[in-house]
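Thank you all for coming.

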Amino acid sequence: MDFLLQGLLKAFELLTTGDAETFSAVYATLIVSAYSLAVTLITGLPLGFCLGYFDFTVKKQVRVMVDTLLSLPTVFIGLLVYAFFTNRGPLGEWGLLFTLPGIAVGLTILALPIVIALSATAIESMDRQLRVALISLGANRRQLFLSTLWEARLSILAAALTAYGRVMTEVGIAMMVGGNIKWQTRTITTAIALETNKGEFAMGIALGLVLLLIAFGVNVSVSSLRKRY
Amino acid sequence: MGAFLYAIQDLTHVYRGKPVLRIDRLEIPAGCIVGVIGPNGSGKSTFLRLAGFVEKPTAGEIAYNGKPAVPFSSEVRHKVSLMSQEPFLMKRTVLNNVAYGLRIRNDLDRLEQRVHTALAWVGLDAKEFAKRPSYALSGGEAQRVALAARLILKPEVLLLDEPTASIDALSAQLIKDAALKAQRDWGTTLIIASHDWQWLYGVCDRVVHLVRGRLMGSGRENIIFGPWEPGENGLWSKVLSDGQRILVQKPPEALSAAVIDHAFIVPADQPFLDGETQVRLTGLITRLALEKASGDIVGSVLVANIPFTAALTENQVLENGLYPGRRVHLLYDVNSVRWF
């Protein structure tokens with residue numbers, strides 16, 4: 001059990017001494033999760049809105065497909081993205097394999113179904129009278145979309161948090177697409193996997209605690225936003 | 001067509017494959033007050049949503065100021081406002097709810113002051129309510145805030161769907177007063193669906209009656225839904241809860257709705273001659289209301305659990321001593337019954 005205590009002390013040490021390797025992994029983690037979350041929200045929210053708001057003939061089928069994609073194995077996404085970005089792959093010339101943007105693409109594929117499904121549920125569960133009220137007050141289509149999203153902001157925030165938690169703690173995609181290259185594409189999770197393989201449990205636990213600390217910081221910020229609005 | 005604010009032609013609306021509204025023709029002039037009455041599920045709310053340009057009809061056309069209009073079209077977007085039966089307020093303060101319409105129009109001049117004035121129109125003190133979140137309002141207060149959010153826009157048309165249903169008497173009165181003020185001060189056309197027909201007859205220039213999604217006339221018609229069963233002398237009947245029978249000629253179908261256009265009220269304790277084809281029912285006068293458009297008095301008589309209406313003159317009311325609570329006979333001619 002000593003390694004747990006050692007891990008705790010090591011985490012404290014890594015953070016207080018500004019360990020360059022740790023901060024490189026933290027930086028990589030924050031960058032890929034921020035990129036992927038930004039793209040996910042920009043594309044996922046309108047798609048989730050459409051899925052939750054409009055009635056169309058294949059709506060149920062689309063919903064089942066999105067819900068199925070929630071269970072997409074991360075290693076399978078990693079494999080697909082790897083296959084597309086490798087030199088022999090159709091997008092090989094983009095040079096995204098073993099880069100942070102490459103990892104972000106994989107994480108976006110992982111997070112997109114989460115944001116679409118949860119925001120669609122949030123929009124679906126909203127009072128139908130909201131649409132009547134907004135149109136009656138003179139809203140155009142864009143104002144209708146933005147005001148509806150704003151009314152569902154707490155549920156959408158929860159969807160974004162869920163997606164953020166998923167991409168930040170993901171390891172399969174980061175490992176396969178990023179290659180776990182020190183100082184380049186090593187994220188906190190791939191570093192933990194490496195340290196554990198090396199038998200450096202304390203270091204692994206320390207990095208895990210750093211990850212938890214980041215998650216805690218994000219949740220505290222979101223919680224204060226919730227209180228504000 | 002151009003002289004009317006609304007010109008509705010061959011309108012049909014279908015919901016989940018079932019026709020819920022069909023209006024062959026309806027014209028509404030600007031600045032008037034139109035009441036819409038009818039039983040639950042008769043299509044009143046659907047009519048208001050279509051006339052409020054919140055939904056597009058399945059078929060047919062609604063022309064506004066002579067031009068065909070649909071939801072979001074510029075002819076109607078800032079001119080027509082609907083207030084639903086359930087007052088929906090956004091998760092914001094009262095001030096931000098009332099100011100929403102002006103904000104999206106980018107009309108920000110003296111915004112807070114105008115919100116305060118609009119709240120005063122519906123009897124709400126801005127100091128007490130402006131900063132209050134919408135979830136901290138009672139049903140009546142929420143309904144009044146919803147109305148203030150529309151009145152502040154000074155709409156050309158205000159459609160109110162059961163504005164006084166399930167709220168307290170004070171809120172109901174304040175809502176009625178504020179709506180009429182809009183019509184009086186700015187010439188706003190009011191289209192009101194309500195079960196409070198006494199109020200509608202009192203304030204409306206015209207009352208239309210919706211039954212099973214069809215326009216039925218002025219609202220004075222008595223509509224009796226089947227089932228009908230065959231009885232004596234070739235007549236069919238519907239037995240009421242107190243054992244009385246509404247008699248009619250053979251209906252087209254057992255579930256057809258009978259329309260009794262003209263019914264007469266006579267005091268139950270006064271002698272009168274039964275005609276051969278006259279049917280007599282006994283009930284209690286529940287309400288007397290003055291119809292603004294015709295100047296007639298409209299009486300409501302509850303027979304068993306079915307309310308009937310009949311037009312009365314002032315003389316009839318005075319000479320027969322008719323008043324709410326008086327036991328009366330309701331008479332109609334069995335041959336005058338129409339089918340719907």
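Where in chain B is confidence lowest, and where is it highest? I start there because what we are looking at is a predicted model, and the answer is that the lowest mean in chain B, 83, belongs to helix 7, residues 197–203, while the highest, 97, belongs to helix 2 of chain B. Taken as a whole, chain B has a mean pLDDT of 90, with 98% of its residues at 70 or more, and the scores for the model are an ipTM of 0.82 and a pTM of 0.79.

Let me turn to the contact between the chains, to which chain B gives 22 residues and chain A gives 14. On the chain B side, strand 6 (80–83), helix 2 (94–104) and helix 5 (139–151) each supply at least two residues, and the class make-up of that side is 11 nonpolar, 5 polar and 6 charged residues.

From the chain A side, please look at helix 6, residues 129–136, in which Val132(A), Ala133(A), Leu134(A), Ile135(A) and Ser136(A) are buried. Their cover includes helix 7 (141–151) of chain A, and it also includes helix 1 (44–51), strand 6 and helix 5 of chain B. After helix 6 of chain A comes Gly138(A), with a positive phi near 100°.

Now for the interior. In general, nonpolar side chains of soluble globular proteins tend to be buried together. The largest nonpolar core here has 75 residues, and those that touch the most other members are Val36(B), Val98(B), Val145(B), Ala148(B), Ile152(B) and Ile191(B). Helix 5 of chain B provides the largest share of this core, with 7 residues. Leaving aside residues up to four places away in sequence, Val36(B) touches Lys44(B), Phe47(B), Ile191(B), Ile192(B), Ala193(B), Val208(B) and Leu210(B). Another core lies apart from this one and has 55 residues, including Ala25(A), Leu96(A), Ala104(A) and Val177(A).

Chain B also has an open, antiparallel sheet of 5 strands, in the order 16-20-17-18-19. Strand 16 (264–267) and strand 19 (306–312) are at its edges, and because each has a single partner strand, one side of each is left without a neighbour in the sheet. From one strand to the next the twist averages 45°. Strand 18, residues 297–303, is joined to strand 19 by 7 bridges, and Val298(B), for example, has Ala311(B) as its bridge partner in strand 19.

I will finish with some details of the backbone, remembering that most residues other than glycine have a negative phi, and that most peptide bonds are trans. Asn106(B), in the loop between helix 2 and helix 3 (111–121) of chain B, has a positive phi near 60°. Is Asn106(B) buried or exposed? Asn106(B) is exposed, because 7 other C-beta atoms lie within 10 Å, and the cut-off for exposed is 12 or fewer. Arg212(B), in the loop between strand 9 (206–211) and strand 10 (214–215) of chain B, has a positive phi of about 50°, and with 18 C-beta neighbours inside 10 Å Arg212(B) counts as partly exposed. Lastly, the peptide bond joining Gly226(B) and Pro227(B) is cis, with omega about 5°, and Pro227(B) sits in the loop between strand 11 (222–225) and strand 12 (229–230) of chain B.

Definitions and conventions:
Residues numbered from 1 in each chain as written. Chains lettered and ligands numbered in written order. Predicted model: local features only at pLDDT ≥ 70, side-chain atom pairs only at ≥ 80, totals over all residues. Contact = placed C-beta atoms within 7 Å. Helix = DSSP H or I, 4+ residues; strand = E, 2+ residues; numbered from the N terminus. Nonpolar A, V, L, I, M, F, W, Y, C, P; charged D, E, K, R; others polar. Core = buried A, V, L, I, M, F, W, Y, C linked by C-beta atoms within 7 Å. Buried ≥ 20, exposed ≤ 12 C-beta atoms within 10 Å, placed from the backbone. pLDDT = per-residue confidence, 0-100. Pairing = 2+ DSSP bridges. Axes fitted to C-alpha atoms, helices over the stretch in contact; angles between N-to-C directions.
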